Amino acid sequence: MSLGSDDLQTSLLQHATPDVTLRRSGSCAVAEWITSVKARLRSSKNLRSKLIALVILVVVTVILIMYTCLSCGGGTQCAGICSFSSLKPMKLKADDEVTCNSTEKAFIGKNPAKRLPQAIIFGVRKAGTRALLEFLGLHPDIVVNVVEQHFFSNDVNYSKGLEYYREQMSASYEQQITIEKTPKYFIDIMAPERIYRMNHSVKLILILRDPVVRLVSAYAQLVAKNKENNITYPPLEEMVLDENGDVNLDYKLVQVSVYYKHIIHWLEFFDLHQIHIVDGDKLITDPYYEIYEAEKFLGVGHKIQRDIFFFNKTKGFYCVRQCTSSTSPPCLGETKGRQHPPVDKKLVEKLRNFFEDKNEKFFQLIHRSFNWTTLIV
């Protein structure tokens with residue numbers, strides 16, 4: 001005997017009421033209920049009745065699954081139904097955080113918490129660490145700590161312990177990666193071992209520029225800072241050359257650019273595959289490619305799109321294209337992209353000759369080379 005339209009709907013709804021038995025049996029009860037409804041559908045010869053019944057079947061099935069999951073509390077009987085933990089974080093639009101490439105950072109899930117960083121940008125100063133951090137911070141699965149902590153390079157800070165360090169981090173969700181940036185770690189003798197003790201599997205990011213260009217950039221920063229205090233900083237040639245006219249290796253800006261002497265200490269504790277090297281010179285000319293490679297290294301999806309970057313002719317470097325509702329600055333501050341002072345060509349040549357063999361040692365250690373002989377200072 002076939003069921004009429006009204007009788008079939010009434011019958012289906014009567015079987016659709018979840019009860020305690022269904023909550024206990026979990027997915028088995030849902031499967032039995034669906035089998036029962038399918039049998040009733042097969043017994044119906046009326047096409048209209050079948051269509052109505054099918055709609056009811058879909059709606060009630062969804063309701064049953066949601067009800068079962070919320071009631072079972074994630075127990076073993078919910079396996080296959082309540083797999084919320086395997087779902088990717090959902091993104092919601094936030095009024096104060098909407099960018100043109102839709103990298104919003106609102107998530108549904110547990111409350112955010114402060115966590116130790118899973119990745120650290122550890123150098124090099126004046127190579128583009130701030131730009132790299134800002135660009136990576138656009139990713140919805142990455143939370144950056146904008147304040148340099150100097151935790152592993154400062155004995156006083158380090159003595160406060162990891163709990164103090166954790167409290168300095170920005171809050172993040174479980175699905176997100178926290179990144180801290182302190183360029184001084186690269187040249188600090190104690191930082192590699194201290195970071196290793198915190199997390200031997202931490203991901204490390206090192207951004208580099210042509211050693212000569214980096215040196216001149218650091219010098220330009222010192223000149224600007226001293227000028228703010230009405231202090232005239234000595235000419236570059238006086239600082240980088242000693243009394244005999246040779247490159248002064250005691251000058252700190254020169255020391256920092258001798259990359260191989262610093263990376264040796266890091267390779268004593270970390271495998272090379274844990275260190276991702278960003279080409280700071282290419283970050284200036286093609287930021288998308290370098291950010292794409294960094295996303296790959298960090299194991300996050302490629303969500304920072306090429307069209308978010310645009311070249312700012314006034315600044316002289318790439319900025320981020322954002323919607324009008326965004327509160328984040330589209331470009332780095334005035335202290336970034338500072339104009340370099342003119343440098344004598346003979347001094348540039350002397351510096352390049354000085355760094356040549358040292359660069360080669362560095363290339364051998366990292367199994368990679370850079371074209372650092374043709375860049376304009």
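**Exercise 1.** Does arginine 130 count as buried or exposed, and at what relative accessibility?

*Solution.* Before we start: this is a predicted model, where local features need pLDDT of at least 70, side-chain atom pairs count only at pLDDT 80 or more, and totals for chains, interfaces and linings use all residues. Residues are numbered from 1 along each chain as its sequence is written, and side-chain values use heavy atoms, with hydrogens and water left out.

- Step 1: get the cut-offs. Buried is under 20% relative accessible area, exposed is over 50%, and partly exposed is in between (1.4 Å probe, protein chains only).
- Step 2: look up the value. Arginine 130 has 18% relative accessibility, so it counts as buried.

**Exercise 2.** Which residue forms a salt bridge with arginine 130, and how far apart are the closest N and O atoms?

*Solution.* 

- Step 1: recall the rule. A salt bridge needs a side-chain nitrogen of Lys or Arg within 4 Å of a carboxyl oxygen of Asp or Glu.
- Step 2: find the partner. That's glutamate 134, with the closest N and O atoms 3.7 Å apart.
- Step 3: Helices are DSSP runs (H or I, at least four residues), as are strands (E, at least two), and both are numbered from the N terminus.
- Step 4: check the partner's cover. Glutamate 134 is partly exposed, with a relative accessible area of 33%.

**Exercise 3.** Where in the chain do glutamate 167 and lysine 114 lie?

*Solution.* 

- Step 1: see what joins them. Their side chains form a salt bridge, with 4.0 Å between the closest N and O atoms.
- Step 2: locate each end. Glutamate 167 is in helix H7 (residues 162–167) and lysine 114 in strand S3 (residues 113–114), so this pair links distant parts of the chain, 53 residues apart.- Step 3: compare the cover. Glutamate 167 is partly exposed at 35% relative accessible area, and lysine 114 is partly exposed at 34%.
- Step 3: widen the view. Lys114, Glu163, Arg166 and Glu167 are linked in a network of salt bridges. A search of the whole structure turns up 13 salt bridges.

**Exercise 4.** What distance, N to O, separates the side chains of aspartate 357 and lysine 358?

*Solution.* 

- Step 1: read the contact. The two side chains meet in a salt bridge at 3.5 Å.
- Step 2: check each residue. Aspartate 357 is partly exposed, with a relative accessible area of 38%, whereas lysine 358 counts as buried at 15%.

**Exercise 5.** How many aromatic pairs does the structure hold?

*Solution.* 

- Step 1: set the rule. Rings of Phe, Tyr and Trp (its six-membered ring) pair if their centres lie within 6.5 Å; planes under 30 degrees apart are stacked, over 60 edge-to-face, and the rest tilted.
- Step 2: take the total. The structure holds 24 aromatic pairs.
- Step 3: Phenylalanine 152 and tyrosine 165 form an edge-to-face pair, 5.0 Å centre to centre with 75° between the planes.
- Step 4: Phenylalanine 152 is in the loop between strand S5 (142–145) and helix H6 (155–158), and tyrosine 165 is in helix H7, 13 residues apart. Both phenylalanine 152 and tyrosine 165 are buried.
- Step 5: Tyrosine 259 lies in helix H12 (residues 259–267) and tryptophan 372 in the segment after helix H15 (345–366), so the pair ties together parts 113 residues apart in sequence.
- Step 6: finish with the cover. Tyrosine 259 and tryptophan 372 are both buried.
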